[in-house]
Amino acid sequence: MAKLYFYYASMNAGKSTTLLQADYNYRERGMETMLYTAAIDDRAGVGTIASRIALAASARLFAPDTDMRAEVEAELKKRPLHCILIDEAQFLTRDQVFALASICDDLGIPVLAYGLRTDFQANLFPGSAHLLALADSLIELKAVCECGRKATMNLRVDAEGHAVRAGAQTEIGGNDRYIALCRRHFTERLKAAEAPQLSLAIARA
Ligand SMILES: Nc1ncnc2c1ncn2[C@@H]1O[C@H](COP(=O)(O)OP(=O)(O)O)[C@@H](O)[C@H]1O
Ligand SMILES: Cc1cn([C@H]2C[C@H](O)[C@@H](COP(=O)(O)O)O2)c(=O)[nH]c1=O
Ligand SMILES: [Zn+2]
C-alpha cells in the first residue's frame, strides 16, 4: 500500500536536502517523480526547490487553489509516476492534504511531504496540522540549537536580530529572518522580547 509520509522539522534541518536526495534516489533507479513546492516561496526563484547545500531541482508550484490530484492524474496519462515529493508542505490547505492521501490510497503512489511543524508563534501551520493528522508515517528531521539541543522551534527576528512576537503567519525568509532554536531558548528569547513592551506599558499606565 502506498503511504503518505510527513517529514517535519524546524527550519535549517535539511528538509529540502533530504527531499532532493530522495528524488535522486528514485530517479537513479529509473523511476519517475513529480516535485512540488509552494508558489509563495520564491527564495530560490519561482518553481525551484533549493537546499542550503546547493542542491536544486525544478518543481511544479502549488497555491491554495491547485488541484494536485487532477494534476497527478493528468501527468499519469503521459508517464508513470513512482513518487510525489512536496516541499514547503506547511503551506498546503486541508483539502490538498486530503487530496494527497487520496493519491496514495486511490492511485497507489507514495507521497513524501516535507515541511515545518510550527510557525514563529509556536502554532501549527494548516498543512502541518492536517499532515500530522493524516500521514501514515511521521518522521522528524533535526536541526541543532545554539546550545547543542535539538532545535524544534522557529524564532522570527527583525533586522536587528530581536525576536518578533506578532505578525502574519506567512513571511517568506531564510536564515536572516528565522533562527531554529530548542524550546527553552525559543521561549527565553520570546520572553526577553516581551519585557521591554511590558515595562513601556507599565510606565505609560
Ligand atoms: N556548505 C554546506 N555543507 C554542508 N551542510 C551545509 C552547508 N550549508 C548549509 N548546510 C546545512 O544544510 C542544512 C540546511 O539544509 P536545507 O535542506 O536547506 O534545510 P531546510 O530545507 O530544512 O530549511 C543545515 O543543517 C545546514 O547546517
Ligand atoms: C517559521 C516560519 C517560516 N515561514 C517561512 C519562511 C520560509 O520561507 C519557509 C520555511 O523555509 P525552510 O527553510 O524551507 O524550512 O517558511 C513563515 O512563513 N512563517 C513562519 O512562522
Ligand atoms: Zn537551545
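The site of the zinc ion (ligand 3) is tetrahedral, with angles of 95 to 122 degrees among its four donor atoms (four donors count as tetrahedral if all angles lie between 85 and 135 degrees). The model is predicted; local features need pLDDT of at least 70, side-chain atom pairs count only at pLDDT 80 or more, and totals for chains, interfaces and linings use all residues. Residues are numbered from 1 along each chain as written, chains are lettered from A and ligands numbered from 1 in the order written, and side-chain values use heavy atoms, without hydrogens or water.

Cys145 (SG), Cys147 (SG), Cys182 (SG) and His185 (ND1) coordinate the zinc ion at 2.0 to 2.3 Å. Donors are N, O and S atoms within 2.8 Å of the metal (3.2 Å for Na, K and Ca). The donor residues follow the spacing C-x1-C-x34-C-x2-H. Distant parts of the chain are linked here: Cys145 lies in the loop between strand 9 (143-144) and strand 10 (150-151), and Cys182, 37 residues apart from it, in the loop between strand 12 (178-181) and helix 5 (183-204). Helices (H or I, at least four residues) and strands (E, at least two) are DSSP runs, numbered from the N terminus. Both Cys145 and Cys182 are buried (under 20% relative accessible area, 1.4 Å probe, protein chains only).

The largest nonpolar core has 32 residues. Such a core joins buried Ala, Val, Leu, Ile, Met, Phe, Trp, Tyr and Cys residues through side-chain atoms within 4.5 Å. Ile84, Ile86 and Leu92 have the most contacts inside this core. Helix 3 gives the most to the core, five residues. Another core, of 28 residues, lies apart; among them are Tyr7, Ala57, Val157 and Ala163.

Notes
Buried means under 20% relative accessible area, exposed over 50%, partly exposed in between (1.4 Å probe, protein chains only). Four donors count as tetrahedral if all angles lie between 85 and 135 degrees; four count as square planar and six as octahedral if opposite donors are over 155 degrees apart and all others between 65 and 115; anything else is irregular.
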